[in-house]
Amino acid sequence: MSVEEVNVDEPIASEQAESPLAHFFTAAWRNAESSIARHREHFEALSEIDVIFNVLTAFSDESRERVARSMLIQTHGALRAASLLALSGQVAESYSLMRTALRAAIHGVFMAGDEERQRIWLARVDDDRSADLKRTAFANGLMLRHLRQLDAATAGIYERLHHRTIDRGLHANCHGGGSENDAGSSAESGCDDFALDDEVQRSALRSAAQVGICTLSMFYYVYGDQFRKHKLDDRLAKLRHGH
């Protein structure tokens, strides 16, 4: 799938250009571009994580784990969105999507290799009884216990990150206040839309990378053959050393 490059300087209709939403989008995109340059090390880690996800997704159809693959794709998408929000300065919002990535991954691992769990998951929207059965079968404690049995160390990391995403995702961007070139500090979009304080943003970017590494480590127990065949385990091990 190709991605069309967006030119934020391209003129748009005057009524659209003056809307608060247009100002917000422009500020967010420019903040992200600036943050890539300012936080190069974290961006490079996120880029490497993204490459591993891309390769794993491309070759995951070699596996029979079709339902888990949908969770792999959702994990990757949520992590990409979280990274973009963190780069733009929407730090609190980025943690909510990091949590989505973690939750998708643990669901994927829990369903892998278990046809009954997959059946319950796929039927969850059929009726109220099916929804109740899904909630019981996919209780948080059961999924976490399963992950601990596979890898106690990764389960511990998952728990710490999960708690962090809840705690930090509930706070407003009270550290907002960007540079003199930051459109997010204008009246149109509000001074608290973007948290561009270096340490606050750096912490979010570091957390996004840690979530990426954790979720990839979890999917190793679903797609171990693909990890080894394409040497993704070696690339993941190098990432762990820096995070």
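Quick housekeeping. It's a predicted model, so local features need pLDDT of at least 70, side-chain atom pairs count only at pLDDT 80 or more, and totals for chains, interfaces and linings use all residues. Residues are numbered from 1 along each chain as its sequence is written, and side-chain values use heavy atoms, with hydrogens and water left out.

Okay, the big picture. The protein has 12 helices and zero strands; those are DSSP runs numbered from the N terminus, H or I of at least four residues for helices and E of at least two for strands. Of its 243 residues, 43% count as buried. Buried here is under 20% relative accessible area, exposed is over 50%, and partly exposed is in between, with a 1.4 Å probe and protein chains only. The accessible surface comes to about 13200 Å², and carbon and sulfur atoms own 51% of that; the areas are Shrake-Rupley, with a 1.4 Å probe, and for residues only the protein chains shown count as cover. If you take the contacts (heavy atoms within 4.5 Å) with a separation of 6 or more, 71% of them are between residues 24 or more positions apart.

Now α5, residues 91-111. Its 21 residues reach 31 Å from first C-alpha to last, close to the 30 Å expected at 1.5 Å a residue. That expected span is 1.5 Å times one less than the number of residues. How many of the 21 residues of α5 are buried? The count is 15, so α5 is largely enclosed by the rest of the structure. After the helix comes G113, with a positive phi near 75 degrees.

What does α5 pack on? Let me take two partners. In general, you describe a packed pair by the angle between the axes and the distance between them. Axes here are lines fitted to C-alpha atoms, for helices over the stretch in contact, and angles run from 0 to 180 degrees between N-to-C directions.

Partner one is α10, residues 198-219: the angle to α5 is about 5 degrees and the axes are 10 Å apart. That makes α5 roughly parallel to α10; under 35 degrees counts as roughly parallel, over 145 as roughly antiparallel, 65 to 115 as roughly perpendicular, and the rest as oblique. On the α5 side, the residues that meet α10 include Y95, M98, A101, L102 and A105. Among those they meet on α10 are A204, S207, A208 and V211. Remember that an α-helix has 3.6 residues a turn, so residues three or four places apart point the same way.

Partner two is α6, residues 115-122, whose axis comes within 8 Å of the α5 axis and crosses at roughly 130 degrees. So α5 is oblique to α6. Here H107, F110 and M111 in α5 meet R117, Q118 and W121 in α6.

T165 sits in α9, residues 152-169, and counts as buried at 4% relative accessibility. Leaving aside neighbours within four places in sequence, T165 is in contact with Y95, M98, R99 and L102. Its side chain also reaches the backbone oxygen of H162 at 2.7 Å.

On to α4, residues 66-88. At 1.5 Å a residue its 23 residues should span 33 Å, and the end C-alpha atoms are 34 Å apart, which agrees. Just after α4, G89 takes a positive phi of about 105 degrees. D197 lies in the loop between α9 and α10 and is partly exposed at 35% relative accessibility.

Within α4, have a look at H76. It's buried, at 7% relative accessible area. Which residue's side chain does the side chain of H76 join in a polar contact? It's D50, at 2.6 Å. A polar contact means N or O atoms within 3.5 Å; within protein, one must be able to donate a hydrogen and the other to accept it, and residues adjacent in sequence count only if both atoms are side-chain atoms. Beyond four places in sequence, H76 is in contact with D50, F53, N54 and T57. R69, also in α4, touches T57 too, along with S60, D61 and Y223.

Last stop is K231, in the loop between α11 and α12. Its phi is near 60 degrees, a positive value in a residue other than glycine, and K231 is exposed at 54%.
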